[in-house]
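Subject: Structure handover

Hello,

My notes on it follow below.

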Amino acid sequence: MNTVILLAAGKSQRANSDKIWADIHGRPLWTLSYETFLNHSAIGEIILVVPKGSEKKFAKFTDTKTKIVSGGETRMQS
């Protein structure tokens, strides 16, 4: 099985809004990529990298094959 690392810890500084939570057909933008990997038969684990302190907010949209970890202060640290 394969592991996916999905980076969602960005600060959206250039967008002037939290774009990963943008509403796309009634669900957050980041879940479109997440659900693609979640439903793929070759994926055994998803590591979701999120902003520190927002783990519970993301957990509401994930399942048991997902591990949520905190990102760093910068993209490189994440």
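In this predicted model, a polar atom of the Ser54 side chain lies 2.7 Å from the backbone oxygen of Pro51. Ser54 sits in the loop that connects β4 (43-50) to α2 (55-59). Its relative accessibility is 14%, so Ser54 counts as buried, the cut-off being under 20%.

Pro51 also turns up among the contacts of Phe58. Leaving aside residues up to four places away in sequence, Phe58 touches Ala8, Ile20, Trp21, Trp30, Leu48, Val50, Pro51 and Ile68.

Phe58 belongs to the largest nonpolar core, which has 13 residues. The residues with the most contacts inside this core are Ile20, Trp30, Tyr34, Ile46, Leu48 and Phe58. At least two core residues come from each of β1 (2-7), α1 (30-38) and β4. The largest share is that of β4, with four residues. As background, nonpolar side chains in soluble globular proteins tend to be buried together.

Next, the charged side chains. How many salt bridges does the structure hold? There is one, and it joins Glu35 to Arg27, with 2.4 Å between the closest N and O atoms. Side chains of opposite charge can pair when their charged atoms come close.

From Glu73 to Lys52 the C-alpha to C-alpha distance is 8.6 Å, and the two residues are 21 apart in sequence.

For the chain as a whole, the figures are these:

- The protein chain has two helices and five strands, in the order β-β-β-α-β-α-β from the N terminus.
- Of its 78 residues, 29% count as buried.
- The chain exposes about 5500 Å², of which carbon and sulfur atoms supply 53%.
- Taking contacts between residues at least 6 apart in sequence, 51% join residues at least 24 apart.

Regards

Note on methods:
Residues numbered from 1 in each chain as written. Predicted model: local features only at pLDDT ≥ 70, side-chain atom pairs only at ≥ 80, totals over all residues. Heavy atoms only, no water. Buried < 20%, exposed > 50% of the residue type's maximum accessible area, 1.4 Å probe, protein only. Contact = heavy atoms within 4.5 Å. Areas by Shrake-Rupley, 256 points an atom, 1.4 Å probe, with all protein chains shown as cover. Salt bridge = Lys/Arg side-chain N within 4 Å of Asp/Glu carboxyl O. Polar contact = N/O pair within 3.5 Å; in protein donor to acceptor, adjacent residues only side chain to side chain. Core = buried A, V, L, I, M, F, W, Y, C linked by side-chain atoms within 4.5 Å.
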